[in-house]
Amino acid sequence: MTTSPKSPAATESDALLCENEHGVVTLTLNRPEQYNALSLALITELQAAVVALAADESARVVVIAGAGKAFCAGHDLKEIQAHASPGFEKDVFEHARRLMIALTRLPQPVIARVHGTAFAAGCQLVAQCDLAVASTEARFATSGVSYGVFCSTPGVPLARNLPRKRAMEMLLTGEPIDAATALAQGLVNRVVQPARLDEEVQGLARSIMTKSPAVIAAGKKTFYDQIDENLGQAYRVSTAAMLDNLKTEDGKEGIAAFVQKRKPLWKNR
């Protein structure tokens, strides 16, 4: 992962783009045809980029964005089905766990730039970022339950952003909420018209950049030390739950139905 003062740079797979413009580093999920679904390669690449940025003194604020119509559709269920094995599934969720924790340990503040749908692990990514700015066209959902896989890991940051009953409603129904609702419930900080999204993200970043980098880094660390004391354990428990979920008949059926674009046939209704 490389950065340049102004121009974008692509990683080897081109699944993740990186641009450093005057200290604001934008990491763009670049799988638009797959609605930026988080493949194992993309998760690993994003995790590596986040870890590398921790030592990059030129980076003052990190923005996570998505190319194409969606911000992020969640985990790549087609890939999970194609490589269905306990070992592969464990790798996916273990790397995702590391990525989410790395975001909280990154000294620089992280802003999610959400222009479109953020579902399942995509909603998790938004919730795990320090701040989020959304377009009025953005939609958020923990939709896994509709496909036989309860969003246990997305529930970790979701429950740390939303009131418990609001988080449970999203997790239990899988129904999307609009940007205005996400703002009211605390999932995002600001909602603007699509044409103003970049301006709002940059304005927020510039406001942060007027402050001391050392103070920001120390303050962010303290914030997560006190509010997410059990984050690691929560991810261990929820990751194990998701791995067990994927072994169930309904979990397999739900993913198959998603890939085949049909309604799932649950074993137990």
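## Basis of the description

Contact means heavy atoms within 4.5 Å. This is a predicted model, in which local features need pLDDT of at least 70 and side-chain atom pairs count only at pLDDT 80 or more, while totals for chains, interfaces and linings use all residues. Residues are numbered from 1 along each chain as its sequence is written, and side-chain values use heavy atoms, with hydrogens and water left out. Helices (H or I, at least four residues) and strands (E, at least two) are DSSP runs, numbered from the N terminus.

## Helices α1 and α3

L40, I43, T44, L46, Q47 and V50 of α1 are in contact with α3 through F88, D91, V92, H95, A96, R98, L99, A102 and L103.

Helix α1 (residues 40-53) packs against helix α3 (residues 86-105) at an angle of about 25°, and the axes are 9 Å apart. Axes are lines fitted to C-alpha atoms over the stretch in contact, and angles run from 0 to 180 degrees between N-to-C directions. The two helices are therefore roughly parallel, a term for angles under 35 degrees.

Strand β4 (residues 61-66) has 6 of its 6 residues buried, that is, under 20% relative accessible area with a 1.4 Å probe, protein chains only. V61, V63 and A65 point one way from β4, and V62, I64 and G66 point the other way.

Strand β3 (residues 24-29) pairs with β4 in the parallel sense over 6 bridges; two strands pair if DSSP finds at least two bridges between them. T28 has A65 in β4 as its bridge partner. β2 and β3 pair in the antiparallel sense, also over 6 bridges.

Notes:
Parallel < 35°, antiparallel > 145°, perpendicular 65-115°, else oblique. Buried < 20%, exposed > 50% of the residue type's maximum accessible area, 1.4 Å probe, protein only.
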